[in-house]
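Hi,

Here is the structure I promised to pass on. Have a look at it first, and my notes follow below.

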Amino acid sequence: MRTDIGQVFKLEDYRPSDYFIPETKLTFRLSPEKTMVVALLTLERRDGVDVSAPLVLAGDGPMRLVRVEVDGKALSPEDYEATPDSLTLAKLPAARRFTLLMETQLAPSQNETLMGLYRSSGVYCTQCEAEGFRRIVYFLDRPDILSVYTVRIEALKSEAPLLLSNGNPVESGKLEGGRHYAVWHDPFPKPSYLFALVAGDLGRITDSFTTMSGKKVDLGIYVEHGKEKLAHYAMDALKRSMKWDEETFGCEYDLDVFNIVAVSDFNMGAMENKGLNIFNDKYVLADRETATDADFANIEAIIAHEYFHNWTGNRITCRDWFQLCLKEGLTVFRDHEFSADQRSRPVKRIAEVRTLRAHQFPEDQGPLAHPVRPRRYREINNFYTATVYEKGSEVVRMIRTILGAETFRQGMDLYFLRHDGEAATIEDFIRVFEDVSGRDLSQFALWYHQAGTPNVTVGSSHNPATQEFTLEIEQSVPPTPSESRKRLMHIPLAFGLVGRNGKDLVYSNAEGASVENGVIHIRKRRHTVRFSGITERPAISLNRGFSAPLTLAVEQSADDKFFLAGNDSDEFSRWQAFNTLLTDALIDAFRQILGGKKPIFVARLTSLAGKIAGDETLEPAYRALALMLPSEADIARDIGKNIDPDAIFAGREALAVAIAKENQAVFTHLYETLQDRGEFSPNAKDAGRRALRNMLLDYLCLLPGGAKLTLRHFHDATNMTDRAAALTMLAHRHHGSPEAIEALGAFETRYASDPLVMDKWFQIQASVPGPQTVESVRALTSHPAFSMTNPNRLRSLVGTFSAANQTGFHRPDGEGYRLFVETVLDVEKRNPQMASRLATALRSWRSLEPVRQAKAREALLAMANTENLSADLRDIIERTLA
Ligand code: PHE
Ligand code: ZN
């Protein structure tokens with residue numbers, strides 16, 4: 001484990017390497033306790049670099065260096081300096097090109113970090129992003145060193161009949177002693193973080209895809225034996241992704257094979273290694289019996305995401321890790337667009353915005369805030385964040401909004417043409433769009449460089465005499481760590497002036513800001529925008545489609561909000577209007593409860609929920625999202641400070657009950673008519689119907705007889721979506737009832753031997769609201785299906801408890817934090833990356849009320865005062881406390 005030495009990496013310190021590695025030849029002799037790796041590198045000194053320049057290769061972890069040769073001659077230990085984290089060669093041949101051979105010894109079975117070469121359920125696999133390759137062999141382990149790899153793998157055939165690496169298969173054969181080998185060659189120069197190897201005994205499904213230029217690609221998905229039938233949905237998603245990328249971006253696949261391997265121990269979602277994607281098995285395996293509709297949608301999105309990286313990430317990679325959003329933000333944007341095309345665009349957009357607000361906004365508004373392109377880091381692993389991924393995607397979306405779809409596509413074409421085969425920067429990316437559009441995007445680029453969620457406030461007035469409608473718009477960006485003064489942003493604010501008939505009013509002229517194609521371009525602190533030819537006072541619909549990731553405060557009457565919630569032609573904004581009404585009511589309820597009163601809700605609001613539920617002009621999936629109350633965390637974020645999670649919870653439950661009572665008849669009727677008929681399909685339409693039906697049950701379960709009704713839903717379920725939804729309602733809203741106990745028991749018995757399904761069981765119990773959940777989570781850590789070393793299990797139980805259980809985790813006596821600290825420190829010893837991800841759950845601690853805040857601080861200090869913390873965890877804890 002690398003402990004913290006306080007080193008800070010800075011963007012401005014970037015220098016090209018003195019040496020390049022045009023070719024890398026690797027031989028792996030695999031064995032659980034003693035794997036030998038021989039790396040033969042062709043090195044090249046950069047033009048103009050002096051022969052005396054030392055070669056410094058990065059290393060990490062417990063690897064043992066057993067041999068070093070330069071140009072075929074063995075070096076003695078005096079000729080180089082090897083430490084755990086570097087190998088320095090000071091005396092090198094004068095020739096510009098020479099070879100370096102290194103042999104290292106590894107123990108993959110002992111590797112619990114899940115980085116470098118490790119074993120997952122007996123399968124050898126690798127994870128090299130961001131800096132894992134250096135755990136295999138010393139290397140120039142930085143993304144701007146592009147090398148052509150040839151990889152030879154040798155292993156016992158009985159232990160590892162399957163031998164995979166990047167690129168195309170070249171050769172394979174038998175060796176002595178029951179061993180065999182395979183050679184792989186990847187003709188595309190790539191950075192070391194995209195290297196991968198898999199060896200083991202796995203089942204597979206195969207298929208093929210013919211690219212737009214007529215090339216046949218062999219596709220393979222490898223899974224645990226017996227799970228093959230669970231991989232077909234992923235295969236289908238892969239083929240649809242390949243097709244979509246050709247049609248939408250003109251991107252064609254470039255190797256003869258494309259393989260995906262599912263492993264059960266994986267820190268992240270999946271990894272885009274060239275031609276050999278490695279996946280967390282939960283994002284591959286699915287069928288109706290074990291996966292929810294949300295699981296299917298995630299699989300589709302992540303399969304697409306990793307595949308799309310082949311062009312945005314692999315063919316064009318990042319110059320350095322500060323540019324991480326160049327591949328991640330852009331690839332998220334691409335997978336969002338893919339899902340929007342495969343499913344329902346407005347529904348997808350609402351879901352994206354909910355995710356952004358739930359994960360990125362708190363990051364941007366708390367101590368861990370950083371720009372989409374950070375300028376410094378201590379540990380790059382801590383920058384695989386919602387800001388880099390999700391906000392990074394929003395920035396790309398804004399470029400498209402500003403340029404229009406056609407010019408945006410021209411910019412992407414130019415990006416692929418100009419930078420293919422390179423390690424590029426955000427500046428390169430912005431420049432292609434400036435070049436195709438002739439626009440100056442320098443102010444816009446602040447979205448990459450400046451952290452924090454901008455606030456926009458808007459007031460309006462209408463003058464019937466002059467037929468003028470005026471908007472007073474003001475922007476501000478709140479201070480974030482180490483950025484106290486902010487510059488003004490270029491904000492593309494999509495809008496509509498909605499008339500009484502629900503149609504957008506047409507204005508004759510707009511002045512005070514540039515207004516084009518339904519977008520106001522805010523560039524100054526204040527704009528007074530005057531629209532002329534406006535005969536009636538419109539309701540203003542702002543930030544349509546969530547055109548910019550900001551918080552918006554519009555001075556608007558309740559009448560206008562209700563009107564927009566029923567009439568806005570922009571479906572996102574219509575959803576937003578209703579959601580804002582719900583949020584307003586929930587914040588008010590919170591205040592009432594703190595003041596010792598019982599919250600009351602106006603019938604106008606609760607009955608609107610019933611109208612939306614029954615509105616046949618809206619897709620069921622959309623209606624389900626509209627009826628979903630803002631989460632406790634959403635409400636807390638909007639309140640901002642002095643948070644008492646118990647009062648928020650009580651207010652939210654009260655509103656849910658009020659909506660249920662008001663609409664019992666409509667909801668019951670709809671619930672009955674929406675029942676599943678015919679064959680199961682995970683398609684968006686059927687999933688939407690299930691989502692609405694389960695959302696209605698979520699209300700009905702609160703009424704008398706609700707537990708019985710929900711238990712019947714549980715037992716009648718013919719798919720995991722319905723079964724898990726019913727179980728959640730029983731466990732959360734009828735905690736401790738005979739019905740809840742029966743359902744939890746039945747689920748456990750049925751799925752005891754399926755770890756991915758048991759994750760749902762853990763997750764549901766970890767999120768039961770209330771103080772008693774700390775104890776039940778603690779007890780569940782001893783459940784036979786639980787494991788402290790498996791990231792999926794940990795995330796389901798402790799991750800869910802700490803990140804998604806407001807009342808349980810933030811128990812005022814600090815017991816939730818105590819369990820959390822114990823777990824984080826325990827996990828840290830094996831898997832620092834996992835521990836530091838878990839630890840971010842306390843990032844919003846300063847918005848809690850004083851008693852909880854003091855307990856949270858104690859917990860953070862307890863971690864900070866622990867000796868020998870990993871660089872990963874120390875970085876998170878110290879920034880959180882700063
Ligand atoms: N690059 C991966 C993705 O987003 C994420 C990842 C990062 C996986 C680091 C493993 C390690 O597609
Ligand atoms: Zn990615």
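For the charge-over-ring cases, I count a charge as sitting over a ring if NZ of Lys or CZ of Arg is within 6 Å of the ring centre and within 35 degrees of the ring normal. By that rule, the charged end of Lys274 sits over the ring of Phe188, 4.4 Å from the ring centre. Arg334 also lies over a ring face, that of Phe249, at 5.0 Å from the centre.

Some housekeeping: this is a predicted model, with pLDDT of at least 70 needed for local features and 80 or more for side-chain atom pairs, while totals for chains, interfaces and linings use all residues. Residues are numbered from 1 along each chain as its sequence is written, chains are lettered from A and ligands numbered from 1 in written order, and side-chain values use heavy atoms, leaving out hydrogens and water.

On to the rings. Rings of Phe, Tyr and Trp (its six-membered ring) pair if their centres lie within 6.5 Å; planes under 30 degrees apart are stacked, over 60 edge-to-face, and the rest tilted. There are 41 aromatic pairs in the structure. Tyr307 and Phe308 make an edge-to-face one, because their planes are at 65° with the centres 6.1 Å apart. Tyr307 is buried at 2% relative accessibility (buried is under 20% relative accessible area, exposed over 50%, partly exposed in between, with a 1.4 Å probe and protein chains only). Phe308 is buried too, at 0%. Both belong to a cluster linked by ring pairs, together with Trp244, Phe249, Tyr253, Phe258 and Phe338.

Now the ligand. Which residues are closest to ligand 1? Of the 13 around it, they are Glu129, Glu272, Glu306, Glu328 and Tyr389 (near means a heavy atom within 4 Å). A polar side-chain atom of Glu272 is 2.7 Å from a ligand nitrogen, and an N or O atom in the side chain of Glu306 is 2.7 Å from a ligand oxygen. For His309, a polar side-chain atom lies 3.4 Å from an oxygen of ligand 1. The protein covers 96% of the 330 Å² of accessible area that ligand 1 has on its own (Shrake-Rupley, 1.4 Å probe; for residues, only the protein chains shown count as cover).

Cheers

Terms used: Polar contact = N/O pair within 3.5 Å; in protein donor to acceptor, adjacent residues only side chain to side chain.
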